Amino acid sequence: RDVYDRGRDNQPFGVEHYCARFTEEQVRAVREAYSRGGVSQRALGAQYGVSNKAISNVVLRRTWSHV
């Protein structure tokens with residue numbers, strides 16, 4: 001509660017986070033490409049230079065759920 005009382009609850013997310021590997025446009029493109037089919041998560045990972053687990057997290061909305 002102290003965190004909220006002192007205004008220190010403003011954690012960055014999305015492209016503001018220092019570990020962000022994607023932009024919001026890339027997240028939309030990944031989800032669209034995967035939903036159309038014909039491309040694997042491994043292929044998308046290779047295309048974007050990330051692991052297939054990172055792609056899986058985006059597709060399943062474990063990360064970037066606000067987009």
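In the predicted model, L44 touches V30, A33, Y34, V39 and I55, residues up to four places away in sequence not being counted; contact means heavy atoms within 4.5 Å. Local features need pLDDT of at least 70 and side-chain atom pairs count only at pLDDT 80 or more, while totals for chains, interfaces and linings use all residues of this predicted model. Residues are numbered from 1 along each chain as its sequence is written, and side-chain values use heavy atoms, with hydrogens and water left out.

L44 also belongs to the largest nonpolar core, which has 11 residues: F22, V27, V30, A33, L44, V50, A54, I55, V58, W64 and V67. Such a core is a set of buried Ala, Val, Leu, Ile, Met, Phe, Trp, Tyr and Cys residues joined through side-chain atoms within 4.5 Å. At least two residues of this core come from each of α2 (24-36) and α4.

Helix α3 (residues 41-48) packs against helix α4 (residues 52-59) at an angle of about 110°, and their axes are 8 Å apart. Therefore α3 is roughly perpendicular to α4 (angles of 65 to 115 degrees). Helices are DSSP runs of H or I with at least four residues, numbered from the N terminus. Q41, R42, L44 and G45 of α3 meet N52, I55, S56 and V59 of α4 in this contact.

Q41 lies in helix α3. Q41 counts as buried because its relative accessibility is 18% (buried means under 20% relative accessible area, with a 1.4 Å probe and protein chains only). Residues touched by Q41 are Y34, N52, I55, S56 and V59, not counting those up to four places away in sequence.

Definitions and conventions. Axes are lines fitted to C-alpha atoms, for helices over the stretch in contact, and angles run from 0 to 180 degrees between N-to-C directions. Angles under 35 degrees count as roughly parallel, over 145 as roughly antiparallel, 65 to 115 as roughly perpendicular and the rest as oblique. Buried means under 20% relative accessible area, exposed over 50%, partly exposed in between (1.4 Å probe, protein chains only).
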